[in-house]
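Subject: Handing over a structure

Dear colleague,

I am passing on the structure below, together with some notes on what was found in it. Please have the structure open beside the notes as you read.

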Amino acid sequence: MFKRKEWIEVVYPRRHHLGLLFLYLIFVFINTSLIGKANGLLSVILLLMSIYMHYKLVKVYMKRNKSKSKMIERQIQYMIHTLNLYDEEYVEVTKNNKASMEKKICRVIRIYYKLDHRKVYVRVYRDGDRFTKISSSKEFYESLEAALGMELEKAIKNIRYIEFSFLRYKDKRINVSTGTKLSQGTKVMITESLSYDVSKVSHGLTVGSTGSGKSFFINSKILAYAQMSDKKYNSWDGADIRICDPKASDLYLYKFVTGFGPEKVACEPNLIAKMIREVSELVEKRYREMFNDISSFGKTFVDFRGYPPVVIFIDEYAALMKTVDKKNKEEIEKHLYNIVLKGRGCGVFAEIILQRPDASIIPGQIRDQLQVRTGLSNLSQEGKQMLFGSTDIEYKTVNVKGGGYIFIDSVTEQPVYFETPFISKDFDFLDEIDKIYKKRLGIN
Ligand SMILES: Nc1ncnc2c1ncn2[C@@H]1O[C@H](COP(=O)(O)OP(=O)(O)O)[C@@H](O)[C@H]1O
Ligand SMILES: [Mg+2]
C-alpha cells in the first residue's frame with residue numbers, strides 16, 4: 001500500500017542541489033586518484049567498483065527525478081512560472097563595492113501537495129495577497145488540471161486554503177451490455193472503482209431533473225439487485241424487487257417482465273401504499289425471525305441462510321406524496337420510516353427517486369437513513385443542500401448524460417463526481433432482466 005505522505009511545499013524557483021554536485025565531484029576526484037596510484041589487479045578492482053558505484057548513483061538520481069512526487073512538484077513549479085504566480089521587486093545589491101539594483105522574487109504563491117495511490121492533493125494557501133483571488137478562479141483549477149494532466153475530483157475551500165484533489169487514474173464508467181455483471185454477492189457496482197455493499201450501506205436517494213438519467217441509473221440498480229447472490233450459503237439468487245411508479249411511466253413496464261408481474265409493480269396510490277406497508281411488515285417479520293436471541297448480535301441478513309435482499313423502488317416520490325390522501329400519506333411515511341430505520345440489518349431496502357429536491361417532501365429523519373445519495377446532472381443549491389448537507393465543496397459543471405455526484409456513507413468521504421453505468425442504444429434492460437429470471441425459473 002502506498003502510504004499517504006505529509007504535505008510537501010512546492011519550492012519556487014527550483015532549487016539546484018549544488019551541494020550534492022560538489023560532493024559528487026569530490027567522490028570522482030578521490031576515486032580517480034586512488035585508481036591512478038594503484039597498480040595491477042587492485043586498479044582493475046577499483047575501476048570496476050567505481051563503475052558499479054557510478055551506475056548505482058545514476059540509478060538513484062534518475063529514480064528520484066522520475067518519482068511521481070518530483071514530477072508533480074516540477075509541473076506545479078512550471079505552472080507558477082508560466083502564470084507568473086510570484087512577485088518580484090528591485091533590491092539593492094553591492095558587488096565589488098558597486099551598488100546596483102537587481103530583480104528578486106519577494107513573494108510566491110504558497111502551494112503544498114501530497115499524494116496517495118489514488119489521488120494527488122494540492123493545497124493553495126489563501127494569504128490575502130493577489131494570489132488568493134487567482135486561486136479561486138475556474139482558470140486556476142483548469143491550469144492545475146492541465147499541468148498535472150489529471151482530472152479535478154473536488155475542491156474544498158476554507159478560510160486558510162483551497163484544497164484540490166485530482167484523480168491519478170480516471171475512474172472508468174461501466175459499459176453495460178448483455179451479460180455485464182453489475183453486482184457481486186451483495187455489492188453494487190457504480191463505476192469501475194466505486195461500489196458499495198448493501199449489507200453495510202444501503203437505502204438510496206436519487207435526485208435529478210427530467211432527462212438527467214435517473215431512469216437509466218435506476219434500471220442499472222434494478223439489474224444489480226436482480227444479479228445479487230448469496231455468497232455465504234448459496235441459499236438464494238437475485239433480490240426480491242418491488243417497484244412503485246406513480247406516474248406509470250418507465251418502471252411500469254416491469255409489470256411485463258418474468259419474475260415481476262402486477263404483484264411486484266404498483267402504480268395506483270392505494271396499491272403503492274399497500275406495497276410499502278407490506279414491505280414494512282416484512283421488516284417486522286424478519287426482525288422477529290432473525291434477531292430473537294443474543295447470538296444474533298452484530299449480524300446482518302447475509303449471516304443468515306435464506307434471506308434474499310428485498311428492495312422497493314419508489315419513483316417520483318414527490319408526485320406520489322402530492323396525489324395521495326392524508327391517510328395514505330401518513331401511512332406511507334410511517335412505513336417508509338420503519339423500512340429505512342430497521343431494514344438495513346434484515347436486508348430490506350428502499351430506493352427513492354425524486355425529480356425536484358424538496359426538503360419538505362422527505363422528512364429529515366428518513367433522509368438521514370438514506371446512505372447512498374445521488375444527484376444527477378447539475379443540482380440547484382437547494383438540491384445540493386438536501387442531498388449532501390452543507391459542504392464547502394465546489395461542484396464542477398456536469399456536461400455528460402448520466403454524470404453527477406454521489407455520496408456513499410463510509411465509502412466516499414465527500415460527494416464525488418461519477419458517471420452512471422453507460423447503456424448503449426441497443427441494450428434492452430427489460431429483456432435482459434426477463435432472461436435472467438426465465439433462466440432462474442427454468443422457463444424457456
Ligand atoms: N447511463 C446512461 N447511458 C446512456 N445514456 C444515458 C444514460 N443516462 C441517460 N442517458 C440518456 O439520457 C436520456 C434521459 O435519461 P433518463 O434516464 O430517461 O432521464 P430521467 O429519468 O432523469 O428523466 C436517455 O434517454 C439517454 O439517451
Ligand atoms: Mg425518468
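**A buried glutamate and its surroundings**

E73 counts as buried, since its relative accessibility is 8%, where buried means under 20% relative accessible area, exposed over 50% and partly exposed in between, with a 1.4 Å probe and only the protein chains considered. This residue lies in helix α3, which spans residues 68-82; helices here are DSSP runs of H or I with at least four residues, strands are runs of E with at least two, and both are numbered from the N terminus. Leaving out residues up to four places away in sequence, E73 touches I8, E9, V10, V11 and Y113, a contact being heavy atoms within 4.5 Å.

Before going further, please note that this is a predicted model, in which local features need pLDDT of at least 70 and side-chain atom pairs count only at pLDDT 80 or more, while totals for chains, interfaces and linings use all residues. Residues are numbered from 1 along each chain as its sequence is written, chains are lettered from A and ligands numbered from 1 in the order in which they are written, and side-chain values use heavy atoms, with hydrogens and water left out.

E6, found in the segment before β1, counts as exposed, with a relative accessibility of 58%. Apart from residues up to four places away in sequence, E6 touches Y113 and K114. The C-alpha atoms of E6 and F217 are 38 Å from each other, and the two residues are 211 residues apart along the chain.

**The ligand**

Ligand 1 has 14 residues around it, and of these G211, K214, S215, K401 and P421 come nearest, where a residue is near a molecule or strand if one of its heavy atoms lies within 4 Å of it. By class, this shell has four nonpolar, seven polar and three charged residues; Ala, Val, Leu, Ile, Met, Phe, Trp, Tyr, Cys and Pro count as nonpolar, Asp, Glu, Lys and Arg as charged, and the others, Gly among them, as polar. Helix α6 (214-226) and strand β21 (422-423) each supply at least two residues of the shell, and α6 gives the most, with three residues.

Which backbone atoms lie 3.0 Å from an oxygen or a nitrogen atom of ligand 1? A backbone N or O atom of G213 is 3.0 Å from an oxygen atom of the ligand, and a polar backbone atom of I423 is 3.0 Å from a nitrogen atom of the ligand. On its own, ligand 1 has 560 Å² of accessible area, of which the protein covers 77%; such areas come from the Shrake-Rupley method with a 1.4 Å probe, and for residues only the protein chains shown count as cover.

**The nonpolar cores**

In soluble globular proteins, nonpolar side chains tend to be buried together. Here the largest nonpolar core has 88 residues, and those with the most contacts inside it are I222, I241, Y254, F260 and Y317; a nonpolar core is a set of buried Ala, Val, Leu, Ile, Met, Phe, Trp, Tyr and Cys residues joined through side-chain atoms within 4.5 Å. Not counting residues up to four places away in sequence, F260 touches I222, I241, I243, Y254, V265, I433 and Y437. A second, separate core of 26 residues includes M79, I80, M150 and L152.

**Backbone details in the loops**

Most residues other than glycine have a negative phi, and most peptide bonds are trans. The peptide bond from Y12 to P13, however, is cis, with omega near -5°, and P13 has its place in the loop between β1 (8-9) and α1 (18-37). E316, in the loop between β15 (310-314) and α8 (317-323), has a positive phi near 45° and is buried, with a relative accessible area of 13%. S410 also has a positive phi, of about 60°, although it is not a glycine; S410 is found in the loop between β19 (403-408) and β20 (416-419), and counts as exposed at 68% relative accessibility.

**Y395 and K384**

Y395, in the loop between β18 (393-394) and β19, is buried, with a relative accessible area of 19%. Leaving aside neighbours within four places in sequence, Y395 is in contact with K384, F388, Y405 and P415. K384 itself lies in helix α11 (residues 381-388) and is buried, with a relative accessible area of 18%.

With best wishes

Conventions
A polar contact is a pair of N or O atoms within 3.5 Å; within protein, one must be able to donate a hydrogen and the other to accept it, and residues adjacent in sequence count only if both atoms are side-chain atoms.
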